[in-house]
Amino acid sequence: MTGGGKDKDVVDDDVITTEVATELAYILPPSPVDQPTPDATSPSPPSPPYLLLLAPGAFIPALSYLPLIRAIRSATPPSLRKRLWVAVLKEITVPDPVKGKTWARDGYEAAVKAVKEMGADVTSGGGTPRVFALGHSVGAFLMTPVVRESCLALIQLGAWHNFEETSLQQFPRPTLTIIGSRDGQAPPISMALAVKELYPGTSGALSGDSSGGSSVVAPGSATAAALGPLLSIVQKPFVIIKGMNHAQGGNGVVNRERGDLEASRPVEEVREEIGRLVSAFILLHLHSDNGWAPLLLAGGSSEEGGEGGSGGVGGEEGVRGGVGGEDGGELSEAGACKEGLKLLRGAVGWSLDYLQPFWKAMDMEREEPQHVLDAILSQAGVSTAALPAPIVSHTIFYDFLPDFIRSKPALVGPHNNSSPTTVLQSAWLQTQGKFWPCQSHTLWVKCKTSAALEEALGLGTAPTQAAATTPAAADKSSLAAAFSAWAAAAPMGVRHVAASINEAAMQRALDMVHPYARERYERDGKKVVFGEDRILPIDGWLKADVEWLSEEGVEEGDQEGGVKGGRGVVVARSPILITPDEILPAEMKARFGGMHYMKVVTVARAMQWIMLDAFR
């Protein structure tokens, strides 16, 4: 650099302009070969320029994004590449929400001003400035308020939507979300419910649903009706790229402390795929007002070609094709719009297929406590089919943890010989995520012990092995010793109730999960073996109750030397709390006797392990 003013550097044949403003790292004008040549004989004015404003992730050097910018430019049709300016904000080193919003707004204003001084006015013509914001990680989150007010669209790379602003569905600007299947910092399942809102139904975007937030095409218009499912894909495409991790959106350096996973594909290949998707999205929205909709209606219906691409329809290699440029000759912008739409359709379609089993598992979570009663009786050797009287379970789900803590399970009835005995259970769903909440849950359940159930069902009250050798505690002070003796003699069935539920949940998750995720897990993931339940000690009821509540859930611990394919084995054990009637002092039995509390995995939690945590 020569110092001062607007200096130019050459970085791998790219000419970048630096020291433009304190908020900007550099500006990348169209390359000299792409810049439009003035034509005095042309009757039409030159097409207006547009700006891609890139907001880096926290602590990631701005120059790390040059290879991604090259990939986007390479995938852009030449007629649009001549108009493409790129500005990159300086990396944020203090990702504080308040300072971050100032960083984003000041960076936006500096970029628009700087490119205007260099001859590219992206505000000309009135209306929303021709600016597309591309944010990586926290950069996307912080750019959201700016996009709402001042940009044509948002591209969020390895990032959740900023729900402080609004839901992704209701966000008033078109938004392309790209997340890697191996992103451990912003995993796809962390946005599963937000995506489900965009594409309601089993496969909303491809089965006729046209909702998806604010649109430049009026939702009730004839154009929207004719476009059908294409409208959601154009306005709010959500794409999962196979094998991509969080770091590959930036400098490629894995941040394991923040939970990122190792990628399974080269960063160069992933950047090319991102480039094609971003280019397609930008192209469609540069034509938003009166360009792409008529072209699509004239040139292709939503029924043609859904298999052109994504993060992996047809294999690990990911997207093939693009929107025109180097490889296939220059397409017209109309042709490039059609190719871009085809690319996004394939990408979104595969991504929804990938998430669909997780959605189903989430819908099942409130049904899963019904298996607890069967598991308790089964492990005690009781068949519900052979019961002399019917028994049903009814689960009360609590929305607030204090209410769940105060709740107690109970037995109701029977009121006559034909009415069933009802087991009232309490349940609470605890969100699970080692690094970020991932929307799956550990299920906390309070039920009755097998001995209490057998007595209520008239199956006899013969003492269990543990009860036969364990005297009741005379008072609270002797409770700990009585319980230790009971636990040491407790039969295996008592120790395996939660484990049997966990094993069933894992098997169901394996049966349901997307084939790509199952194949990866079986080949490379850490496998889970569910060990016997951890019976927590009782040396005073209140203390035991608090300890059970403080347990994080199913405990995970490495099993030394065990290898079951891939990266080894994890032994997981559920914490349980049991209060056997036969050992409690008389003053405690009526209120606290016959309780069996447990924490178990749901099918969705098991699926989260298969899709994400098994690779940590």
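Tutor: Helix 11 passes helix 17 in a right-handed crossing. Keep in mind that the model is predicted. Helix 11 covers residues 370-379, and its axis lies 9 Å from that of helix 17, at an angle of about 125 degrees.

Student: Which residues of helix 11 and helix 17 meet?

Tutor: V372, A375, I376 and Q379 of helix 11 meet V497, S500 and I501 of helix 17. By class, five of the residues in this contact are nonpolar, two are polar and none is charged.

Student: At what angle do helix 1 and helix 8 cross?

Tutor: Helix 1 (residues 66-75) and helix 8 (residues 267-286) cross at roughly 50 degrees, with axes that come within 8 Å. That angle makes helix 1 oblique to helix 8. The cut-offs show why: under 35 degrees would be roughly parallel, and roughly perpendicular starts at 65. The crossing of helix 1 and helix 8 is right-handed.

Student: Which residues join helix 1 to helix 8?

Tutor: From helix 1 they are P67, L68, A71, I72 and A75; from helix 8 they are R271, E272, I274, G275, R276, V278 and S279. The contact of helix 1 with helix 8 has seven nonpolar, two polar and three charged residues.

Student: What does helix 17 do with helix 21?

Tutor: Helix 17 (residues 497-512) and helix 21 (residues 603-611) cross at roughly 65 degrees, their axes coming within 8 Å. This crossing is right-handed. Among the residues in contact are R508 of helix 17 and W609 of helix 21. The contact holds 10 nonpolar residues, no polar ones and one charged.

Student: How do you know that R105 makes a polar contact with S150?

Tutor: R105 lies in helix 3. Its side chain is 3.3 Å from that of S150, and the cut-off for N or O atoms is 3.5 Å, so the distance qualifies. R105 also touches V146 and E149.

Student: How confident is the prediction?

Tutor: The average pLDDT is 77, and 70% of the residues score at least 70. Over residues 202-220 the pLDDT is below 50, and over residues 299-321 the pLDDT is also below 50.

Key:
Residues numbered from 1 in each chain as written. Predicted model: local features only at pLDDT ≥ 70, side-chain atom pairs only at ≥ 80, totals over all residues. Heavy atoms only, no water. Axes fitted to C-alpha atoms, helices over the stretch in contact; angles between N-to-C directions. Helix = DSSP H or I, 4+ residues; strand = E, 2+ residues; numbered from the N terminus. Parallel < 35°, antiparallel > 145°, perpendicular 65-115°, else oblique. Left-handed = near helix turned anticlockwise from the far one by under 90°. Contact = heavy atoms within 4.5 Å. Nonpolar A, V, L, I, M, F, W, Y, C, P; charged D, E, K, R; others polar. Polar contact = N/O pair within 3.5 Å; in protein donor to acceptor, adjacent residues only side chain to side chain. pLDDT = per-residue confidence, 0-100. Lists of a residue's contacts leave out its neighbours within four places in sequence.
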